[in-house]
Amino acid sequence: MIIFSIGNPGPMNRHSAGHLMLKLLMDNYSIKQLVKKSTYSISSSNNYKMIFIKSNSYMNESNKSWQSLIKLEKLNLVNSIILILYDDFENDLSEIRISQFKNKNESHNGIKNLSTIMNFDNVYKFGIGIGPKPKNATREIMSSWVLSKFKPEEIAILESISLQKSIMFIEEIMEMHGDIIDINKFNSKLNKMWKSMEG
């Protein structure tokens, strides 16, 4: 499994929620520190058969990181499950949702940029909910909002609920070897599992 996070470099904000989750997952699986290699940073663990990669490019240039990665690293892209961690402003904080990578009406700039070079079926968007987004927001308001910092209580939710949900999703995906026939049913099943665990 390849877990690839996208977001802007620099201080942590809503737009870099994917990077935050990558770090939290690495801590959970006791993965060594990332090693920086130009436009991306990489670490791996044979124990969990995972490769963790962080894009060091700006969000709307995420494809530069991926292009450098496949040029410099010997990765088995065809037989690997690839998850793209990103800030999902369409879903509320603590929500986790996966979806097929191909989407003609993509509104997320980072995903849209990657879609120009990633067009294979084993790639999934792994959305880290950061909403609720501002209601009836203009493009300028949305741009300002996604670049705003998380409140301490929001970070706490990401570090607890979002992380544990992400682990549950990832381990289920690995158990299924990425063979997800119906994405909506998969999300529904995992959310029901979470609610039963909470209860």
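Predicted model: local features only at pLDDT ≥ 70, side-chain atom pairs only at ≥ 80, totals over all residues.
Let me start with helix α2, residues 62-72, which lies across β1, β3 (40-45), β4 (50-55) and β5, and which runs at about 55 degrees to β3. Contact here means heavy atoms within 4.5 Å, and the axes are lines fitted to C-alpha atoms, for helices over the stretch in contact, with angles that run from 0 to 180 degrees between N-to-C directions. The names of the elements come from DSSP runs numbered from the N terminus, where a helix is H or I with at least four residues and a strand is E with at least two.

Residues are numbered from 1 along each chain as its sequence is written, and side-chain values use heavy atoms, with hydrogens and water left out.

As for the whole protein chain, it has 6 helices and 7 strands, and from the N terminus on the elements follow the order β-α-β-β-β-α-β-β-α-β-α-α-α. Its C-alpha atoms fill a box of roughly 45 × 40 × 35 Å along the principal axes. A compact globule of 199 residues would have a radius of gyration near 16 Å, and the chain, with 16 Å, agrees with that; the radius is taken over C-alpha atoms, and the globule rule is 2.2 Å times the number of residues to the power 0.38.

Now to the sheet. Strands of a sheet pair through backbone hydrogen bonds, either parallel or antiparallel. Here 7 strands form an open sheet with mixed pairing, in the order β2-β3-β4-β1-β5-β7-β6, and two strands count as paired if DSSP finds at least two bridges between them. Why is one side of β2 and of β6 left without a neighbour in the sheet? Both β2 (35-37) and β6 (96-100) stand at the edges, and each has a single partner strand, so one side remains without a neighbour. From one strand to the next, the twist averages 30 degrees. Strand β1, residues 2-5, pairs with β5, residues 82-92, in the parallel sense over 4 bridges, and the bridge partner of Ile2 in β5 is Ile82.

Two loops deserve a look. In the loop between β2 and β3 we find Ser38, which has a positive phi of about 50 degrees although it is not a glycine. In the loop between β7 (123-131) and α4 (139-146) sits Pro132, and the peptide bond from Gly131 to Pro132 is cis, with omega near 10 degrees.

Finally, the helix pairs. The axes of α1 (residues 17-28) and α5 come within 10 Å and cross at roughly 65 degrees, so these helices are roughly perpendicular; angles under 35 degrees count as roughly parallel, over 145 as roughly antiparallel, 65 to 115 as roughly perpendicular and the rest as oblique. Among the residues that meet are Leu20 and Leu24 in α1 and Leu158 and Ile167 in α5. The axes of α5 (residues 152-175) and α6 (residues 183-198) come within 11 Å and cross at roughly 130 degrees, and this pair is therefore oblique. Their contact includes Phe169 of α5 and Trp194 of α6.
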